[in-house]
Amino acid sequence: MNRLSAASSPYLLQHKDNPVDWLEWGEEAFEQARGLDRPIFLSIGYATCHWCHVMAHESFEDEEVAALMNRAFVNVKLDREERPDVDGLYMQVCQMLNGHGGWPLTIIMLPDGRPFFAGTYLPKENRHGRLGMLGLIPEIERLWTQERARVIESAESIAEAVRANSWRDTSDDRDPHRGLLVSAVDLFTQRFDRERGGFGGAPKFPSPQNLLLLLRYANRAGDGHATQMVTKTLDAMRAGGLFDHVGYGFHRYSTDADYLLPHFEKMLYDQAMLVWAYAETYWATDEPRFAVTVRETVEYVLRDLTSPEGAFYSAEDADSDGEEGTFYVWRVEE
């Protein structure tokens with residue numbers, strides 16, 4: 001076992017038998033990186049994350065990849081549910097560099113914590129245009145030994161962009177300018193999928209905070225089209241595979257544009273925010289179907305996401321019997 005065997009996090013304990021010499025996030029890791037003059041490989045995930053499991057099986061449990069990682073890096077595992085502050089900072093970097101984020105979050109950084117590489121899931125080998133671990137690690141080693149100044153310059157540039165992006169004037173937060181709201185609604189209108197509901201193409205996330213903004217705007221401005229975008233989207237999510245029609249509750253996101261085939265993980269915060277969105281839509285429209293969805297989703301949370309002690313579980317895994325979605329997939333005859 002590696003040093004994660006003493007961790008309290010269920011996610012870190014999933015990696016205690018990896019051949020990777022993992023450390024927990026903390027000063028020991030930074031001291032070791034400075035002493036060995038190595039970059040830090042930071043991997044962030046959580047216990048029910050499907051693609052975290054995939055990357056672990058492909059790479060972190062693989063002796064070849066682990067040997068490269070142990071030679072090139074000081075390796076750190078972090079549970080985002082224990083340290084959302086650290087996760088939030090490095091997720092911002094990933095989104096800035098790549099235009100998207102997700103988990104597992106893969107960060108490579110200087111011994112002082114400044115990142116110079118950010119990505120999400122990486123396969124073991126190069127695949128479908130995606131850089132693999134066996135290709136990435138030797139390239140990072142080469143840059144670290146032969147082009148260190150370039151690496152440091154990149155890290156400083158990223159750090160400066162994060163600092164610039166983090167500062168904002170909050171003096172007007174309590175009363176946002178109407179023009180800002182109109183611009184946001186215009187953007188949603190342009191991206192609205194009039195045929196299927198939702199916004200943009202695949203994958204489609206529930207994003208209930210966007211629906212709540214549209215509802216508030218519709219109520220303030222008397223904008224019936226804003227309400228229509230919300231009801232069309234909520235109906236599509238409820239009718240499709242995103243909703244569990246037997247056990248209730250919503251899956252993480254739809255892999256297609258039709259809300260048909262979901263990623264089967266269920267998150268507590270999605271249930272909470274979707275209950276809010278459906279409840280406010282019921283209040284705005286007086287349509288009973290939205291209240292039904294509220295009741296069914298709460299029933300799922302109280303039954304399956306509540307511990308015997310009364311605490312809430314953060315998520316339900318996508319994997320069943322070692323396969324994604326085993327208990328949710330229907331055959332045609334069914």
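Let's start at one spot in this predicted model: Glu265 sits in the loop between strand E7 (262–263) and strand E8 (266–267). Is Glu265 buried or exposed? Its relative accessibility is 2%, and buried means under 20%, so Glu265 counts as buried.

What does Glu265 touch, once neighbours within four places in sequence are set aside? Its contacts include Tyr46, Thr48 and Cys49, then Phe250, His251 and Arg252, and also Ala315, Glu316, Asp317 and Ala318. Gly325 is worth a look here too: Glu265 and Gly325 are 60 residues apart along the chain, and their C-alpha atoms are separated by 8.2 Å.

Now step back to the whole chain. You can pick out 12 helices and 11 strands in it. The radius of gyration is 22 Å, close to the 20 Å that the globule rule gives for 334 residues, so the chain is as compact as a globular protein of that length. Follow the C-alpha trace along its principal axes and you get spans of about 65 × 50 × 40 Å. Of the 334 residues, 46% count as buried. As for contacts with a separation of 6 or more, 62% of them come from residues 24 or more positions apart.

Next up is a sheet. It is open, has 5 strands in the order E1-E3-E2-E4-E5, and its pairing is mixed. Strand E1 (22–24) and strand E5 (115–119) are the edge strands, each pairing on one side only. On average, neighbouring strands of this sheet are turned by 25 degrees against each other, direction ignored. As a bit of background, strands of a sheet pair through backbone hydrogen bonds, either parallel or antiparallel.

| Strand pair | Sense | Bridges | Residues opposite each other |
|---|---|---|---|
| E1 and E3 | parallel | 3 bridges | Leu23 of E1 and Val76 of E3 |

How many residues of E3 are buried? The count is 6 of the 6, so E3 is largely enclosed by the rest of the structure. In a regular strand the side chains alternate between the two faces of the sheet. In E3, both faces are covered: Val74, Val76 and Leu78 are buried on one side, and Asn75, Lys77 and Asp79 are buried on the other.

A helix belongs in this picture as well. Helix H5 (residues 84–98) lies across E2, E3, strand E4 (105–109) and E5, and it runs at about 80 degrees to E5.

Last stop: a pair of helices. Two packed helices are described by the angle between their axes and the distance between the axes. For helix H9 (residues 208–221) and helix H10 (residues 224–239), that angle is about 145 degrees, and the axes are 8 Å apart. Their crossing is left-handed. H9 brings Leu211, Leu214, Leu215, Tyr217 and Ala218 to the contact, while H10 brings Ala226, Thr227, Met229, Val230, Thr233, Leu234 and Met237. What kinds of residue are these? They divide into 10 nonpolar, 2 polar and no charged.

Technical notes:
Residues are numbered from 1 along each chain as its sequence is written. This is a predicted model: local features need pLDDT of at least 70, side-chain atom pairs count only at pLDDT 80 or more; totals for chains, interfaces and linings use all residues. Side-chain values use heavy atoms; hydrogens and water are left out. Two strands pair if DSSP finds at least two bridges between them. Helices (H or I, at least four residues) and strands (E, at least two) are DSSP runs, numbered from the N terminus. Axes are lines fitted to C-alpha atoms, for helices over the stretch in contact, and angles run from 0 to 180 degrees between N-to-C directions. Contact means heavy atoms within 4.5 Å. A crossing is left-handed if the near helix is turned anticlockwise from the far one by less than a right angle, and right-handed if clockwise. Ala, Val, Leu, Ile, Met, Phe, Trp, Tyr, Cys and Pro count as nonpolar, Asp, Glu, Lys and Arg as charged, and the others, Gly among them, as polar. The radius of gyration is taken over C-alpha atoms; the globule rule is 2.2 Å times the number of residues to the power 0.38. Buried means under 20% relative accessible area, exposed over 50%, partly exposed in between (1.4 Å probe, protein chains only).
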